[in-house]
Amino acid sequence: MTKKISGAEYPLCKIFSSDFDYIIPSYQRPYAWTAVQASELFDDLHDFFLREPEESYFLGSIVLIKDEGRSHAEVIDGQQRLTTLTILLAALSSKFTGALRADFENYIREPGRPSQGLKPKPRLTLRERDRTFFADHVQSLQFDKLITLDPAQLDNESQQNIQANSRLLLDRLDKAFNSDTDKLCAFGAFLVQRCFLVAVSTPNQQSAFRVFSVLNSRGLDLLPTDIIKSDVIGQIPHSKQDEYTEKWEELEVQTGRNGFADLFSHIRMIYARTKARRTLIEEFKDQVLRVVPSPEKLVSDVIEPYAEAYLTARNAQFVATENASDINFLLRWLNRIDNSDWFPSAILCLAENKNVPQYVRFFLHRLERLAAYMHICGKNVNERIERYAPVLAELQLPGSKQAPIKAVELTAEEKREMLGVLDGPIYALTARRRNYLILRLDSFLSDGAATYDPNLLTIEHVLPQTVSSDTEWAAIWPDPVQREQWVHRIANLVPLTQKRNSQAQNYDFGMKKSAYFGGRQGISSYVLTTQVLDTAEWTPKTIQERQSMLLNVMAEKWELINQN
């Protein structure tokens with residue numbers, strides 16, 4: 001048996017012939033093309049058909065595990081196109097009658113030829129979950145029955161996509177050709193004679209996966225997890241593949257496709273504890289798959305518990321008889337950080353200690369402070385990864401839950417650095433850092449009772465940034481150097497739930513409170529703003545006292561005062 005990779009360009013009349021018997025392996029992802037991709041494909045084909053009466057249309061490539069001389073072809077890449085093209089050819093066939101219909105049906109089903117040992121069967125066999133549905137409705141041209149089904153009652157999203165794309169392509173054919181049989185036949189002839197696919201075949205699974213990752217150039221983009229899945233599930237004994245495929249796909253549904261990809265990046269970080277320097281596929285194989293004893297254990301002992309922990313962290317849904325509300329409160333604030341570098345540490349802690357809520361609470365309290373420190377102080381991604389690495393390493397030490405994790409604690413220097421930023425010109429920080437800090441401070445003042453919608457947040461100055469000489473502010477704050485010293489510090493900033501009012505920014509203090517800070521009801525949902533509303537005057541002494549008070553609150557809640 002040859003091991004070489006072979007590739008050739010074939011028209012669809014050859015692609016959908018007895019030379020190829022396509023099987024979608026159970027470990028492949030479901031049919032995922034939506035009406036967006038199906039509509040784009042039809043529009044491209046129809047426009048080309050109208051504009052180019054002689055030229056050929058290239059549909060891309062498919063990758064198959066296939067021995068030379070045999071029709072059996074395991075589809076590694078291309079199932080989305082093959083499935084959608086089958087729906088299109090079936091929809092087209094349903095518009096015909098008699099011999100014309102029978103002719104086009106041959107591209108959908110092998111009619112069988114006993115003299116050649118060919119049995120009647122579909123040319124494309126979908127994954128086991130969808131193959132009967134696809135054969136009974138699409139490949140049997142039972143579109144009237146298919147369209148009437150309630151989408152909510154279908155077994156899965158794949159079947160919903162099959163139904164939606166069938167309805168769309170039937171409708172597009174009607175609109176484009178208005179039931180004109182001659183024009184429909186001409187379009188069908190264009191499809192099978194002048195539309196080409198490159199079929200790349202190899203009997204070697206490893207080389208098929210390599211080609212698969214390179215040639216996926218059309219259609220719904222593959223995520224790294226799709227390729228990793230093919231590799232992992234393909235190594236599991238055939239008798240167990242369906243079981244582990246179902247586990248894998250259920251986890252992907254729970255996390256969402258993009259969330260699942262994020263999870264794999266976090267798992268890689270847990271194992272590698274360094275910044276990625278190659279693709280996720282390469283590093284996951286080298287740093288995770290090489291370490292985990294078997295593909296079964298990867299799914300059951302790594303991906304499954306880490307996915308559960310990831311969802312707990314992302315959705316702030318820790319469940320326990322004690323400490324759950326505190327833990328979820330901390331997770332909600334971690335999710336407000338503008339990066340996800342804290343996730344691996346949270347995932348590892350939650351996965352290993354979900355039955356020890358006291359420990360989880362202790363760790364997340366420290367982790368939230370560490371994440372806040374790096375966010376507020378503007379640490380870059382390299383600095384963050386380097387800082388979290390020893391935390392991950394210590395979490396993985398035997399017996400770590402019996403002793404406090406030291407790496408997650410802020411050092412004395414880090415505490416001083418954070419206090420310095422907190423006492424500086426907060427308004428000069430980026431909007432994400434500034435808004436996060438002010439809302440976190442407000443939560444400290446409300447003892448966690450308040451909830452916040454950052455989409456409604458405006459940060460305003462009490463003492464205006466620009467003071468005119470003829471205003472009350474100039475009389476209270478005559479020294480421009482002193483104004484510059486205090487105007488952007490946290491004591492002079494208030495959060496509002498309304499749009500910025502450029503005119504109101506220069507109101508005198510009394511009018512600013514009543515007409516701007518208090519809103520229509522004269523009250524505020526923010527403690528920071530309510531405190532200002534309850535203040536009689538806004539003098540240098542007022543703001544200095546307020547600055548001292550707010551710094552003390554943050555220092556106490558984040559435990560930033562070094563104990564000597």
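## A tour from sheet to rings

Start by selecting Thr125, which you will find in strand β7 (residues 124-125). This is a predicted model, so please read each stop as a description of a prediction. Thr125 is buried, because its relative accessible area is 14%, under the 20% cut-off. Now show what surrounds Thr125: beyond its neighbours within four places in sequence, it is in contact with Tyr22, Ile23, Ile24 and Arg131.

Next, widen the view to the sheet. Six strands make up this open sheet, with mixed pairing, in the order β1-β8-β3-β4-β2-β7. Strands β1 (6-11) and β7 are at the edges and have a single partner strand each, so one side of each has no neighbour in the sheet.

Pick out Leu64 and look across to β8, where Ser201 stands opposite.

Helix α2 (residues 35-51) touches β3 and β8, and its direction makes about 130 degrees with that of β3. Helix α3 (residues 79-93) touches β2 (21-23), β3, β4 (72-77), β7 and β8, and its direction makes about 120 degrees with that of β3.

Time for the aromatic rings. How many aromatic pairs are there? The count comes to 24. For one of them, select Phe260 and Phe264: this pair is edge-to-face, 5.0 Å centre to centre, with 65 degrees between the planes. Both residues lie in helix α12 (residues 257-272), four residues apart, about one turn of the helix. Are they buried or exposed? Phe260 is buried, with a relative accessible area of 0%, and Phe264 is buried with a value of 0% too.

Then jump to Tyr310 and Phe343, whose ring centres are 5.5 Å apart and whose planes are at 40 degrees, so this pair is tilted. Tyr310 belongs to helix α14 (residues 295-315) and Phe343 to helix α16 (residues 343-353), so the pair ties together parts that are 33 residues apart in sequence. Tyr310 is buried, at 4% relative accessible area, and Phe343 is buried as well, at 7%.

Finish with two charges over rings. Lys66 lies over the face of Phe20, 5.3 Å from the ring centre. At Tyr427, the charged end of Arg434 sits over the ring, 4.3 Å from its centre.

Note on methods: Residues are numbered from 1 along each chain as its sequence is written. This is a predicted model: local features need pLDDT of at least 70, side-chain atom pairs count only at pLDDT 80 or more; totals for chains, interfaces and linings use all residues. Side-chain values use heavy atoms; hydrogens and water are left out. Rings of Phe, Tyr and Trp (its six-membered ring) pair if their centres lie within 6.5 Å; planes under 30 degrees apart count as stacked, over 60 as edge-to-face and the rest as tilted. Helices (H or I, at least four residues) and strands (E, at least two) are DSSP runs, numbered from the N terminus. Buried means under 20% relative accessible area, exposed over 50%, partly exposed in between (1.4 Å probe, protein chains only). A charge sits over a ring if NZ of Lys or CZ of Arg is within 6 Å of the ring centre and within 35 degrees of the ring normal. Contact means heavy atoms within 4.5 Å. Two strands pair if DSSP finds at least two bridges between them. Axes are lines fitted to C-alpha atoms, for helices over the stretch in contact, and angles run from 0 to 180 degrees between N-to-C directions.
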